[in-house]
Amino acid sequence: MKRILLIALMVSTPALADVDLKFSGMIYSDIRYRLAGEPINLSYPSQQQLLGYGFSRNDNLIKGRLSLGIADRVKAVGDVDLVLYGFSDAKDIDALTLHERIDPYRLEVHAAYVDLYRVLPGLDLRIGRQTVVWGVADQFNPTSNLNTLDFSDPLLFGRALANNMVRADYNPKGDWIFTAVFVPIFRPAELPRTAPIALNSATDRPAPVQDDQQRLFLWNTALSPIGPNTVNVFTQQPEPSLANAQFAFRAGGRVFGQDVSLSYYHGRFGIPSPLATVNHLDRTADVLVGWPRMDVLGADVAGSITPLAGMGYWVEGALVFPQQTELSVYNDLANTSCPGNQTPCRQELRFDPFTGSPVFGTVGPNGYLRVPDGVRSTVIPSTPFLKLTIGGDMSIGSHVYVNFQYIHGFIDEFGAGTAVHPRLHPNDPYTALRFDGRIGDYIVAGVDVHLFSDRLLGRLFAVAKLPSILYDTNPDGTSNVHFEDYKFTGVLFPQLIWSVWEATELTLGAFLFLGGRDTKFGDPAAGASELFLKCKFTY
Amino acid sequence: MKKILLLLSIAGAAHAQSAGEVLKLLDQARHDFNDLTLESKMTIYEPGAATGRVVTFTTMVKGDKRLIRFTGPPDVRGMGLLTEGRDTMYALLPAFGNRIRRMGTHAKNQSFMGSDVPNEDLAGGNYADAFTPKLVGTEGNSWVVELTLMPGKEGAFPKQKLWVDKTSHQIVKTEFMNDKGESLLTMTSGGWVKDDGSSTHWSPRSITYVDHARNDHKTTVEMASVKANQGLSDDVFTQRGLQRGN
C-alpha cells in the first residue's frame, strides 16, 4: 500500500527541474512639486492637499512579482504594488492612534492570473486579473479598450487598469493569432485627483450638451440667482449582469511582411458622462454620471519602410459606435407648487426639438404627472466617430531615437460634437466661452539621446494640439466648414534618466501643462505642472 | 571513387579561391545546425575601466529566426527580441503589459543595450543575400574577404572586412567600416570549439568588440554554453512563443 502511495506521489508531483520560479520587483520613490496649479482639497489622505505651489506626491512603492511555471504548460503570475502615500490622514485625535491613518497606503494588483498553454493544439488560455493591450501605436491605442485607463498619474499618459478576464489565444500557424476575451465586470477608469474640478462647479463651465441653444439656456440658468452653489456628483455603476459584460475579438498576422490586425470590442468607455441633474431648492445640485456603451471596430498595420532608412511606421484606427447619452434635468418644486398635492414633486426640463424653447413637465412621487413634450439634451450623440493614431520612429546614428505620432482623438476624448471648456477667468461671469471639436487633433513627438553607453538618457516628449476642423450643419442641410477658435495648448515632458549602477535609476524631470485655462491642457481638471524626482531599484 | 570525390570536396573547401565560394562556405557553416541555444554573458567596459556592466541573456536560433531573452540584470530581465532574417524584429516589453512591439529596421543602428555589439550582428540571414564580397587574400589560417552592402539593403556598416577561418569556416575577426572604408568597430573571437550536440558546427567561447569611434570602448561576450540540435520547436520562434516564455 505504501509503495502504491509513493509511486502515485512521484507521478503527480512535477519534477523540480520542470518548475520555473521567478521572484522580482522594484523599490521606488516618487516626489513631485506642483507649480502654478489651482488649489483643490482632497478628501483622502487629508494632508495631501494640492496647493498652487506645494508637494503633490510623496510616494514610496514596493513591487513584488511572482511567476511560477510548470513544465511549459502552466504559469501563474501575481504582481502587486504596495504604495505608501507619504501623507497622513490625521484629521482628529483618534486618527493619531491608528497607524493606517498616520501612514496611509494602498495595494495595486496588476496581475493575478493563470496561463494554461496548449490546452488544445494551438490554444492558450489566460484566466484572472490581467491587462490586454492591443494596437501597434505607442501609448495612444484607440483599438485597446478591454482595460480602462488609470489617469491618476499624467506622466504615464493613461496606464491600463488590470481587470478580471478570460482570454483565449488560438495560434494555428506562424504568427497568425486569433484572440477572444470576456470581461464579466466593468471597471471604471481611475480619474486624476483634479478631475472633480470639471463637475463640482455649475458656473465654471457649461453642461456638455451638444445643442448650442440648449447649452446656453442651461448655462444662463446656472449663472442666475437660482443656480446651484454646491454640486454633488454621484455615479450609476453598471449592474453585474450578463448584459453589462464586455467582450472582444482580434485577428492578427503578417501580410507581405507587415503586421496587420482587425478587432471588435463591445463594452463601455471608461470615463463617465453626465446622465441627470437634480437642482434642489437649497441651491445644491446632484449630478448623476454613468459610463456610455460603445462598440468599436479596430484595424492596424505596422512595419518598416526600407527605402526610408528602415523607418518604423504604424497606423491604428478605431471606428466607435457610441450609445446615445442624454441629460435629464430636474428642478425640485416647493410642495405648494405640486399639482394635486402630490408631494414631493419636481419639474423636468426638456426642449422643443423645432424651436429649441424649454418645455416643462412634472414628476410626482409615483411617476410622471405631466410628461414634457420635448426632447432631452444630448450629451453624446450616437454618431459614429473615428479615433486614429499614425506614427513612426527613426534612429539617427546610434545614440538618438526619434518618435512622432499624429493622433486624432486623445485618450480621454469620446463622442462626436463639441467639447466645452472652463472659463478663462473663473470669477468673471461675462468671460466668453470657448468650444472646439470633441475629438481633437494632436502631434506627439519625442526624442531620446543615449549617452555614456546608455547610462544617461535625455528624453524630451511634447504634445501639441492642432486646430480642429468643425462642421456646422445649416437648417437647409448645407454645411459650414471652419477651423475652431484655436488657442495653443500642449504638454512638455523633459526627463534626465541616470542609470547610476546596475538596476538603479535616478530620474529628474518636469511635466508642464501649457495653455490657457480654457484649453484642453490648461484646464485645471487636467492637472498642473510638476517637477519630479524618482529613484528606482529593480531586483 | 567515393574516396576520391570526398578528398576532392575537402580539398576544394580548403582551397576555395573565389569570394563567393568563401561566403557560401561561411553562410553554410554559420547555419550548420537545426537549432542552437547559447547562454551568454556580456560585459560592457567604459574606456580604461577594469570592471564593467554585465548583461546576461539566452539566445535561441533556428533557420533565419533568432530569439533573445534577457536574464539579467533585473531592470532588463524578461525583455525579449525576436528577429526573422534581416528585416523583421519584435521586442517584448514586460513594462508595458508584455506587449510585443514591431521594431523598424532602423533599430539595427542603435547599440545593443549600450554595448558595442551591433544589432545587425544579432540578426540572422546570409551574408550572401546582403553583401557583395571581394577576396583580398589570406592571413594565417584565414581568408580575408571585403564586403560591400548591396544597393537597397539596410545596414549600419556599409563595408565590412571578414577573416574567415579555413578550418571552421567561421568568422574569427571582423572590421566594421563606414562607406569610406574607415574602421569603426572591430570584433575578434576566440576559444572556438564544436558545440554540444553537433559534430560540424563551431562556436567561439568569447567575442570582443572594440568601438574605435568611442575611444576604444569595449564589450566582451562570453558563451557559458552552446548546445546545438536540441529539437527546438518552431513554436518558440513566434510572437506567442516570445510572450509565453516570459
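Residues are numbered from 1 along each chain as its sequence is written, and chains are lettered from A in the order in which they are written. Because this is a predicted model, local features are given only at pLDDT of at least 70 and side-chain atom pairs only at pLDDT 80 or more, whereas totals for chains, interfaces and linings use all residues.

**View 1. Chain A as a whole.** Chain A has three helices and 32 strands, where helices (H or I, at least four residues) and strands (E, at least two) are DSSP runs numbered from the N terminus. Its C-alpha trace spans about 90 × 70 × 55 Å along the principal axes. For 539 residues a compact globule would have a radius of gyration near 24 Å, and the 27 Å of chain A agrees with this; the radius is taken over C-alpha atoms, and the globule rule is 2.2 Å times the number of residues to the power 0.38. Of the 539 residues in chain A, 32% are buried, a residue being buried if 20 or more other C-beta atoms lie within 10 Å of its own, exposed if 12 or fewer, and partly exposed in between, with C-beta atoms placed from the backbone.

**View 2. Helix α3 of chain A and its cover.** Helix α3(A), residues 212-223, has 12 residues and reaches 16 Å from its first C-alpha to its last, close to the 16 Å expected at 1.5 Å a residue, the expected span being 1.5 Å times one less than the number of residues. Which residues of α3(A) are buried? They are Q214(A), F217(A), L218(A), W219(A) and A222(A), and what covers them includes β18 (346-351), β19 (358-364) and β21 (377-380) of chain A.

**View 3. The loop between β1 and β2 of chain A.** The loop between β1 (19-35) and β2 (54-70) of chain A holds P45(A), and the peptide bond from Y44(A) to P45(A) is cis, with omega near -15°. A36(A) also lies in the loop between β1 and β2 and, although not a glycine, has a positive phi of about 50°. A36(A) counts as exposed because it has 10 C-beta neighbours inside 10 Å.

**View 4. Strand β9 of chain B and its partners.** Five of the seven residues of β9(B), residues 159-165, are buried, so that the strand is mostly covered. Strand β8(B), residues 142-149, runs antiparallel to β9(B) and is joined to it by seven bridges, with T148(B) opposite K159(B); two strands pair if DSSP finds at least two bridges between them. Strand β10(B), residues 171-177, pairs with β9(B) in the antiparallel sense over six bridges, and I171(B) is the bridge partner of V164(B). The hairpin of β9(B) and β10(B) has five residues between the strands, and there H169(B) takes a positive phi near 60°.

**View 5. Where chain B touches chain A.** In this view, 30 residues of chain B are in contact with 34 residues of chain A, contact meaning that C-beta atoms, placed from the backbone, lie within 7 Å. On the side of chain B that touches chain A, β6 (99-103) and α4 (239-244) of chain B each supply at least two residues. The predictor gives the complex an ipTM of 0.85 and a pTM of 0.89.

Technical notes
Contact = placed C-beta atoms within 7 Å.
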